[in-house]
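Hi! Here are my notes for you to read alongside the model. Have it open as you go through them.

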Amino acid sequence: MMKYFQVVLLGVMLLARIAAAEQPVSQTVVTVDGEAVSVDEYVYVVRKAIRERFYHGAVPEAELKTYRRELLDDLIDSYLLSAEARRRGLQAVGVESELAVQDTESLTSQLAVAERQRKDLIARLKQQVMADLVLSKAQVRGYYESNLDKFVRPEQNDVSVIVLGVDPSSSSAVWEDARLKAAALKAEVEGGGSFEELAEIHSSDISAAAGGAMGLLHRGLLGGEAEAVLKELAVGEISDPQMMLDGAVLFRLNSRIMAQQLPLDQVEVRARGLLQREQGELAWEALLFRLRGQANIFLNEPLLQKIGV
């Protein structure tokens with residue numbers, strides 16, 4: 001509840017600054033290609049964004065001022081992009097039905113509808129920009145060859161375990177008994193005993209039913225301590241008892257498949273998708289840069305200064 005009132009207070013403070021702005025300063029904060037962005041809309045955007053971002057509590061004034069300027073820039077971008085979408089003949093879903101009720105709704109509701117329309121238009125424009133990209137096989141191959149590390153099958157270890165479970169709160173004597181029992185089991189296997197049979201009898205791990213077999217695991221899946229142990233094992237070797245969080249553990253490395261570079265024919269779809277996304281983002285940034293460069297943007301600096309932007 002306190003956080004809610006802090007957000008409300010921030011909004012009230014901003015409104016108070018706006019109300020204190022001397023006349024005849026225009027109540028338009030910025031004009032984008034002749035389209036006026038009202039102070040009401042800007043306040044709506046600021047209050048909504050502050051509520052979502054600074055939910056944790058008080059906001060330093062310097063940080064808040066910077067953030068308010070960022071929000072103004074984002075609002076300008078949204079006007080530019082939604083106008084570009086309309087220029088291309090795109091339409092927001094539900095525009096007609098929402099416009100029909102705007103006149104009878106509150107100002108806040110109208111601003112929310114306008115924001116939804118802009119966001120929908122921008123999303124449709126971005127989809128179009130992405131879809132317009134055509135990538136050749138040569139481009140995909142070039143991306144693959146420049147990013148080989150993205151197309152590697154990680155090292156895999158075929159691992160079996162015997163876990164002698166110990167309650168974490170147990171005494172040191174209980175932990176030591178588990179370690180000694182694990183050491184005895186290792187000696188039994190090395191003397192000709194069956195790891196699988198001993199796992200079925202003694203292990204508390206879910207893998208016990210399969211004779212301790214965990215199957216092929218990508219390197220890194222088991223976590224730092226276990227991976228460090230496996231790294232030092234030769235194929236077929238059993239580790240010394242390892243005291244882990246859940247008890248005393250024996251690891252056996254059954255086999256190791258080294259990391260493999262995957263050929264392009266196996267990963268071409270993924271490579272194309274990654275390049276499409278990368279090139280799409282660049283095309284999107286280029287579009288916004290072009291729109292910014294061509295636009296007539298007039299900031300109402302006197303008003304912005306008075307409201308702390």
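The points below cover the cores, the sheet and one serine.

1. First, the ground rules. This is a predicted model, where local features need pLDDT of at least 70, side-chain atom pairs count only at pLDDT 80 or more, and totals for chains, interfaces and linings use all residues. Residues are numbered from 1 along each chain as its sequence is written, and side-chain values use heavy atoms, with hydrogens and water left out.

2. Start with the largest nonpolar core, which has 37 residues. (Such a core is a set of buried Ala, Val, Leu, Ile, Met, Phe, Trp, Tyr and Cys residues joined through side-chain atoms within 4.5 Å; buried means under 20% relative accessible area, with a 1.4 Å probe and protein chains only.) Val29, Leu81 and Leu125 have the most contacts inside it. Helix 3 gives the most, 10 residues. (Helices are DSSP runs of H or I, at least four residues, and strands are E runs of at least two, numbered from the N terminus.)

3. Apart from that core lies another, of 14 residues, including Val166 and Trp175.

4. Now the sheet: 4 strands make an open one in the order 5-4-7-6, with antiparallel pairing. (Two strands pair if DSSP finds at least two bridges between them.) Strands 5 and 6 stand at the edges with a single partner each, so one side of each has no neighbour in the sheet.

5. Is serine 239 buried or exposed? Serine 239 is buried, at 3% relative accessible area. Serine 239 sits in the loop between helix 9 (224–232) and strand 6 (242–244).

Definitions and conventions:
Buried < 20%, exposed > 50% of the residue type's maximum accessible area, 1.4 Å probe, protein only.
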